[in-house]
Structure formats: structure tokens, C-alpha cells
Amino acid sequence: MPPSPAAARLTIDLHAIAANWRTLSARAGAPAGAAIKADAYGLGAVPIARYLVAQGCRDLFVATWAEAATLGDTADGAIVHVLHGIEAADLPTAKALPTAQPILDTAEQAALWHQAAPGRACDLMVDTGINRLGLAPADLSATQGLNVDILMSHLACADEPAHPHNARQREAFAALGTPHRRRSLANSAGAYLGPDYVFDLIRPGLALYGGAPCPAATDLAQVARLHARILQLRQLTPGDPVGYGATFIAICPTRLAIVGLGYADGLPRAAGAKALLDGREYPVVGRVSMDLTAIDVTDAPPLAVGDWLEIAFDLPTTAAASGRSQYELLTGLGRRFQRRHLRA
Ligand SMILES: *Cc1c(COP(=O)(O)O)cnc(C)c1O
């Protein structure tokens, strides 16, 4: 059976990701890796890794060994760093993936790696005050004899540049004396905290994908664009309600475009969504449904069933309007989209 056409498209601009990656690296004055965990925040880890490695990215960060395995040979030429570290059940996968290495988080993981893969490179995550994963500075004696590539830590408050916790974590990190080849502290937001936070490598995720990790980050290009197909056009007369709860009632003759995209695809249900056409905005009216959204196109040029409308998805603006984080917006994009990766 030929596939039925999708009602919604997600376009991922690989060129914009690479441009953001270069912008971040130039700003830091140091190499940038790329966080591609959670399928590159929902945008497709394999095509994104392949593109960034071809552009010269040498360090990729995933959460699990399953994610590392999914990359296959895409990541050839780069090191794949695994944030969850290692447990005994991961060792066969680790053996099969010679260019991946665990980011060790506990003394037990350090002992396991030391014994199972003597001399093979690893990284260390040191907890300097987020209390998620990581070794306490006092545990670092348990890492003696390991071949440590990156000594790293993770900032809790980097998106609030004035937060005093940033400097506390930086001081604690800078004081660590354990042997290593490279040091890395900054995620996307950390890359905007200034040269003291850069060390040898930055590890952006969100900013690569067009998110603004802090108010100062106005130099990043939008990466993900949503388009929805018009399934029906309707004409409302004054008094006609729209959608569940009849929360919108037409006060004048109104033309509606009903498009095939809804909250099941990750469009926030909160008010404020907009469609974009030829540089103008058209408001979503009524409640966003699971698979359908109504757009007031009264002032738009002539439209037909089957036409595509862009749905605004600039991450900082959409996050502010919906009260959801930029990370949730990206990772919440659903599986029904026809996904396209633009290469130029
Ligand atoms: C996810 C993650 C990153 C990337 O974070 P962003 O805020 O998306 O830039 C960097 N480092 C670690 C340890 C992470 O878990």
C-alpha cells in the first residue's frame, strides 16, 4: 500500500544545527561537543550525529548504551560519551562499541570499569552541587589508575547567570586535582556564562536545536519547523462557537482553516499558538484538540484544502506563551510527523 500523506510535517534544518554548533564554539573559544541524548531531543540522533561529525564535531553525549548502540557507525570519527555510566549488563555493548566510553558516576562504576576494561578511556562526572549523578569530590580516590579523558561536572543554575551557585560550582570544579586529559563544565547555558566556565570543551544540547538557554542567547537559529495540512475550510457567522468547551465564539464573519495537528503531536494546549503565512501571523482559535487545530484565516490570501500552514514553533516564544520548557517542547514532538532533515 502506498503511504497516505501525513497531516503534519516536522522539518529539521541540519544546516542550522551546524551553524549553531559553530556559533557556540566560536563564542566559547573552545571545541563544542553535542548532546544527542533522547534521540537528539526528539529531532533524530542518527542524521544529526552524522551531519555534525562530518562538520568536525568530535564528542557526542548520549544517556544510555542503548542510545550509543543506535548510532552504529554514524559516529565514526567521534567519541560517544555515555552519561549514565556503566553497569555489568552494559559491558557486552561497551565491548562492541570501541569508540564509546562511560562517564563514570560512582565508585562502584569506577571499580567495574577498572576491572572490565583496564586502560580503556573513560570520563568522570563529579557532582559539585546538583546532586543528580556523579562522584563526590571525596570519592575521586576511587578512580586511581583509570585512563580519564574528560573530567566533567554539570551546572544546576546556568540558565540564571546571576545565581551565586554558578560560581560555587565553578570553584569546586576548578579545585579538582585528579588526572585527566580534558575538563568540561558548561552545557548550553554554561557557554554563555563567560570564559571562566569554558575549560576545554562545552557540551551544548538545547542551543544546538535552536533553544535559547538564557536571555543573552539571541544568536541561535531556529532548527525545528512545524507545518500542518488544511483538512477543511469553514465560514463562521457571528455567534458560532469553535472547539471543545466553545471557548471561542465568532463575533464577525470568520473564515477558519482546520489543520491536522494537535496536542498529541506536541502542540501546547495552552492558548497563544499561531500559524505563519507570508510573514504574517494568524491566531489559533478555540481549544487545540488531540489531532486538530482551528486557525482564523479571515485575513489570509485565498487558501485551499491540502495547503500547508506553518505553525509557529520558535522555542523561546512558544515556551513563554505556553508555560512549558523549551526542552519539553522539543522532546514532546509526537511520532506522527513526516520528518524531513534539510541538509543545505
Ligand atoms: C543534557 C546534558 C547536557 C546538555 O544540556 P543542555 O542544557 O541541553 O545544553 C550537557 N551535559 C550533561 C551532563 C547533560 O546531561
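Student: Which strand does S12 (residues 254–259) join through four bridges, and is the pairing parallel or antiparallel?

Tutor: The model is predicted, so local features need pLDDT of at least 70 and side-chain atom pairs count only at pLDDT 80 or more, while totals for chains, interfaces and linings use all residues. Residues are numbered from 1 along each chain as its sequence is written, and side-chain values use heavy atoms, with hydrogens and water left out. Strands are DSSP runs of E with at least two residues, helices are runs of H or I with at least four, both numbered from the N terminus, and two strands pair if DSSP finds at least two bridges between them. With four bridges between them, S12 has as its partner S15, and the two run antiparallel.

Student: Within S15, which residue is the bridge partner of Ile-258?

Tutor: S15 comprises residues 293–296, and it is also joined by two bridges to strand S14 (residues 280–285), again antiparallel. The bridge partner of Ile-258 in S15 is Ala-294.

Student: Which residues of S15 are buried on each of the two faces?

Tutor: Buried means under 20% relative accessible area, exposed over 50%, and partly exposed in between, with a 1.4 Å probe and protein chains only. In a regular strand the side chains alternate between the two faces of the sheet. Both faces of S15 are covered, with Thr-293 and Ile-295 buried on one side, and on the other Ala-294 and Asp-296.

Student: Which strands stand at the edges of the open sheet of seven strands?

Tutor: The order is S2-S3-S4-S5-S6-S7-S8, with parallel pairing. Inside this order, S3 (residues 59–62) is joined to S4 (residues 79–82) by four bridges, and Phe-61 stands opposite His-81 in S4. Each edge strand has a single partner strand, so one side of it is left without a neighbour in the sheet; these strands are S2 (34–35) and S8 (182–184).

Student: Against which elements do the buried residues of H1 pack?

Tutor: The buried residues of H1 include Leu-14, Ile-17, Trp-21 and Leu-24. An α-helix has 3.6 residues a turn, so residues three or four places apart point the same way. Taking contact as heavy atoms within 4.5 Å, the buried residues of H1 pack against strand S1 (8–13), helix H3 (45–55) and strand S17 (338–342).

Student: Ala-38 and Phe-199 both have a positive phi; where is each found, and is each buried or partly exposed?

Tutor: Phi is near 50 degrees for Ala-38 and likewise near 50 degrees for Phe-199. Ala-38 is found in helix H2 (residues 37–41), whereas Phe-199 is found in the loop between S8 and strand S9 (224–236). At a relative accessible area of 40%, Ala-38 is partly exposed, while Phe-199, at 18%, is buried.
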